[in-house]
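Please look over the sequence and the 3D structure below.

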Amino acid sequence: MPDSEVREETRARSFWSGTLSFGLVSIPVDLLPAHRSAEGSLRMLDRDGTPLVRRYFCPSEEKQLESEELVHGYELGSGKVVVVTDEELEALAPKKSREIDLRRFVDRDSIDPLYFERSYFLVPGADSSKAYRLLCEVMERSGRAGIATFVMREKEYLIAIFAEGGLLRAETLRFADEVRSSADVGLPKRVTPDPRTLDKVRRAVAGLEQRKFSARELSDPHEPLRKLAQQKYRSKRDVVRAGESQAEAGGEIIDLMEVLRRSLAESGLTGKGSKRAAPRRKRTAHG
């Protein structure tokens with residue numbers, strides 16, 4: 001397939017397009033999800049096959065609420081909630097941009113995978129193949145990863161960009177206080193193991209060793225359910241025709257925590273020599 005046709009197909013599948021920028025360099029790129037959703041899902045239905053919808057109910061007044069009666073509340077903990085208006089949320093939202101701001105390069109091994117949240121592919125956009133391939137080659141040879149920020153769907157993300165096999169991959173990063181440490185887990189104190197027990201475990205590990213990990217071992221746990229549903233459909237057992245679901249009452253539900261977190265968070269990018277790259281959140285007077 002010609003490169004032009006490949007680019008057209010890629011643009012058709014991408015859900016975000018912009019520019020990867022650092023210094024005086026600007027490279028048009030398209031963003032694609034690195035994961036695909038499994039086919040099929042369980043839904044809640046009425047017995048006649050009508051999909052059910054979620055509605056908001058006020059337990060103190062014992063009544064269903066309309067969309068104009070809903071407000072947003074930010075939880076501070078210990079039962080404290082502060083009401084935040086739509087106007088205040090809009091003022092805190094990041095400015096729209098079509099640019100991935102690549103701020104620095106770090107040792108790729110200094111970024112703990114524990115902070116990875118979601119994977120994407122960054123593919124070359126229109127007329128950017130040469131610059132894109134050059135950046136990939138430099139990053140792969142130097143063993144560096146890029147730390148960048150960008151805005152998507154009115155949210156600002158901090159991402160790590162890796163180059164592998166001539167392709168750029170972006171990983172959105174969790175905040176440092178969203179990840180538990182070994183101290184949080186409460187591991188027991190280290191003890192000197194018995195030599196015989198240690199040798200026994202070592203031999204058990206060696207017996208299961210293989211040189212490379214195979215993705216074929218990642219079997220889908222939902223496969224038996226999918227096969228059951230397909231089998232029942234073919235035999236015409238318990239098959240209902242789902243009607244069209246009505247619009248969910250209450251309008252769009254804004255993820256308030258995510259909006260405030262992304263808007264107020266400090267980048268906390270690691271510098272050269274740091275062993276762990278972790279975004280950190282800005283602290284306020286409320287803690």
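Predicted model: local features only at pLDDT ≥ 70, side-chain atom pairs only at ≥ 80, totals over all residues.

Residues are numbered from 1 along each chain as its sequence is written, and side-chain values use heavy atoms, with hydrogens and water left out.

Start with Thr172, which sits in strand E11, residues 167–173. Helices (H or I, at least four residues) and strands (E, at least two) are DSSP runs, numbered from the N terminus. Is Thr172 buried or exposed? Thr172 counts as buried because its relative accessibility is 3%; the cut-offs are under 20% relative accessible area for buried, over 50% for exposed, and partly exposed in between, with a 1.4 Å probe and protein chains only. Contact means heavy atoms within 4.5 Å. With neighbours within four places in sequence left aside, Thr172 is in contact with Tyr115, Phe116, Glu117, Arg118, Tyr120, Tyr157, Leu158 and Ile159.

Next come the salt bridges. A salt bridge is a side-chain nitrogen of Lys or Arg within 4 Å of a carboxyl oxygen of Asp or Glu. By this rule there are ten salt bridges. One of them joins the side chains of Glu171 and Arg169, at 2.9 Å from N to O. Glu171 is buried, since its relative accessible area is 6%, and Arg169 counts as buried at 15%.

Another pairs Lys63 with Glu69, at 3.3 Å from N to O. Here Lys63 is partly exposed, with a relative accessible area of 32%, and Glu69 is partly exposed at 37%.

A further salt bridge links Arg202 and Asp199, at 3.7 Å from N to O. Both residues lie in helix H5 (residues 195–207), three residues apart, about one turn of the helix. Arg202 is partly exposed at 49% relative accessible area, and Asp199 is partly exposed at 32%. Elsewhere, salt bridges that share partners join Arg108, Glu164, Arg169 and Glu171 into one network.

Now the surface. Patches are made of residues with over 30% relative accessible area and no salt bridge; like charges are joined within 9 Å, and nonpolar side chains (Val, Leu, Ile, Met, Phe, Trp, Tyr) within 5 Å. Accessible areas come from the Shrake-Rupley method with a 1.4 Å probe, and for residues only the protein chains shown count as cover. Lys and Arg count as positive and Asp and Glu as negative, with His and the chain ends not counted; the place of a charge is NZ of Lys, CZ of Arg, CG of Asp or CD of Glu.

Which residues form the negative surface patch? They are Asp86, Glu87, Glu88, Glu90 and Glu154. Asp86 belongs to helix H2, residues 86–92, and counts as partly exposed because its relative accessibility is 47%.

Leu42, Leu225 and Leu228 make a nonpolar surface patch of about 310 Å². Of these, Leu228 is in helix H6, residues 223–234, and counts as partly exposed at 42% relative accessibility.

Glu137 is partly exposed, with a relative accessible area of 36%. Glu137 and Gly165 are 28 residues apart in sequence and 8.7 Å apart in space, C-alpha to C-alpha.
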